[in-house]
Amino acid sequence: MRLGERLLALFAAYVRVCPLSPGGQARVLRRAIYILPTGAGLVFGGILILMLLGSLNYQNNLGLLFTFLTTAIVLVSMHHAWFNLLGLGVTARAGPPVFAGDPATFDLLISAETVRPRWDLRLSTAGHAAPPTDLESGATASARLLLPTQRRGLRHLGRLTLETRYPLGLFRSWCYLETVAEVLVYPRPADQATAPMPTAAGREGARGDRDPGADDFAGLRGYRLGDSPRQLDWKAYGRGRGLFVKQFGRDRSDRLWLDWERLPPADIETRLSWLCRQLLDATQSDQDFGLRLPGREIGLGRGEAQMHLCLGALARFGQAPLASEDPSPSQSRSRTWRERKPGWWPIRTPAKGQG
């Protein structure tokens with residue numbers, strides 16, 4: 001670990017973080033607010049010192065009066081910068097699941113205990129900032145953070161920083177907020193995936209029990225390497241929707257098993273990308289499909305609920321399972337304060353009467 005990272009880790013061990021309430025809201029406490037002058041504030045402070053020295057040197061009472069009056073205004077603005085954050089509450093909500101490489105969305109709600117308006121509120125985390133927002137009197141403000149995703153699994157929001165430079169921009173007042181919101185990240189689907197290999201006797205093949213010679217149109221699926229150009233939907237391609245293959249069959253159920261063991265040899269992430277592509281194609285063609293992974297099997301089903309259930313299993317493959325799984329898109333959730341991992345950021349219990 002480099003020296004800079006060690007210093008940051010040491011600073012993080014002693015920083016005050018606003019804890020979560022049982023309702024999942026982090027409330028800003030009076031002793032958790034930090035304040036320092038900005039670059040403009042330092043320059044302005046230097047100007048005040050020069051004004052004071054000049055007034056003393058030339059015994060200019062009017063200059064001294066103006067210097068002290070300006071200094072008083074600056075000190076009052078520092079108090080307002082601190083008071084602008086006091087009592088604010090921030091609630092973080094996770095957005096829907098996304099695929100790896102797409103930005104994860106977090107919605108942030110800001111409220112206040114009092115009806116006093118707050119100005120120039122900025123939320124950020126790990127170098128990603130939401131646009132500044134204002135909190136009107138008695139209202140609730142909202143902001144949205146988009147965080148990049150690189151790998152499948154859970155994308156945690158992490159520690160939030162709430163800051164303001166109201167009213168004069170001479171001081172930066174900020175505090176740290178604890179959050180537990182997280183978005184489920186699915187594997188990145190492969191551009192193309194091989195068709196599922198035929199299964200053993202008693203299991204359905206890639207086309208289930210569908211008669212390949214039938215003429216009834218059954219739906220579309222994504223293009224796979226080796227598909228005949230005569231089966232391509234050229235009209236959809238001309239509209240810019242991409243390459244799709246027309247599927248035909250009789251009005252009988254079409255069942256498909258997506259089996260980890262029947263994929264060509266490859267590393268884990270590549271196999272998951274192939275299965276992800278096969279899942280999307282099976283959902284688009286309205287097929288019944290199931291998923292077989294090492295140590296887990298999801299039965300046959302169809303539709304978006306089945307798709308999200310299988311994609312969630314792919315996202316968590318090889319990771320610690322959650323206590324419960326919801327097949328709906330609301331799998332991305334905000335853990336309650338009782339489920340958070342202890343010890344990630346030290347939480348200082350406020351003193352009696354604080355906050």
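Biologist: What percentage of the residues count as buried here?
Modeller: Of the protein's 355 residues, 42% count as buried, where buried means under 20% relative accessible area, exposed means over 50%, and partly exposed lies in between (1.4 Å probe, protein chains only).

Biologist: Where do the numbers come from?
Modeller: This is a predicted model, in which local features need pLDDT of at least 70 and side-chain atom pairs count only at pLDDT 80 or more, while totals for chains, interfaces and linings use all residues. Residues are numbered from 1 along each chain as its sequence is written, and side-chain values use heavy atoms, with hydrogens and water left out.

Biologist: How many helices and strands are there?
Modeller: The protein has 6 helices and 20 strands. Both are DSSP runs numbered from the N terminus: helices are H or I with at least four residues, strands are E with at least two.

Biologist: Which strands make up the open sheet of 4?
Modeller: The order is E2-E4-E6-E10, with antiparallel pairing. Two strands pair if DSSP finds at least two bridges between them.

Biologist: How many bridges join E4 and E6?
Modeller: Strand E4 (residues 88-94) and strand E6 (residues 104-112) pair antiparallel over 7 bridges. Ala 92 has Leu 108 in E6 as its bridge partner.

Biologist: And what about E6 with E10?
Modeller: E6 and E10 run antiparallel and are joined by 7 bridges. Thr 105 stands opposite Leu 146 in E10.

Biologist: Changing topic, which strands form the open sheet of 3?
Modeller: The order is E17-E18-E19, and the pairing is mixed. Strand E17 (255-259) and strand E19 (296-301) are the edge strands, each pairing on one side only. Neighbouring strands in this sheet are turned by 10 degrees against each other on average, direction ignored.

Biologist: Do E17 and E18 run parallel or antiparallel?
Modeller: E17 and strand E18 (residues 288-293) run parallel, joined by 5 bridges. Trp 257 stands opposite Gly 290 in E18.

Biologist: Where is Arg 165?
Modeller: Arg 165 is in the loop between strand E12 (160-164) and strand E13 (171-177).

Biologist: Buried, exposed or partly exposed?
Modeller: Arg 165 has a relative accessible area of 33%, so it counts as partly exposed.

Biologist: What does Arg 165 contact?
Modeller: Apart from neighbours within four places in sequence, Arg 165 is in contact with Thr 38, Asp 120, Phe 171 and Arg 172. Contact means heavy atoms within 4.5 Å. Asn 84 is 81 residues away from Arg 165 in sequence, with their C-alpha atoms 9.1 Å apart.

Biologist: Last one: where is Leu 50, and is it buried or exposed?
Modeller: Leu 50 is in helix H2 (residues 39-57). Its relative accessibility is 60%, so Leu 50 counts as exposed.

Note on methods
Axes fitted to C-alpha atoms, helices over the stretch in contact; angles between N-to-C directions.
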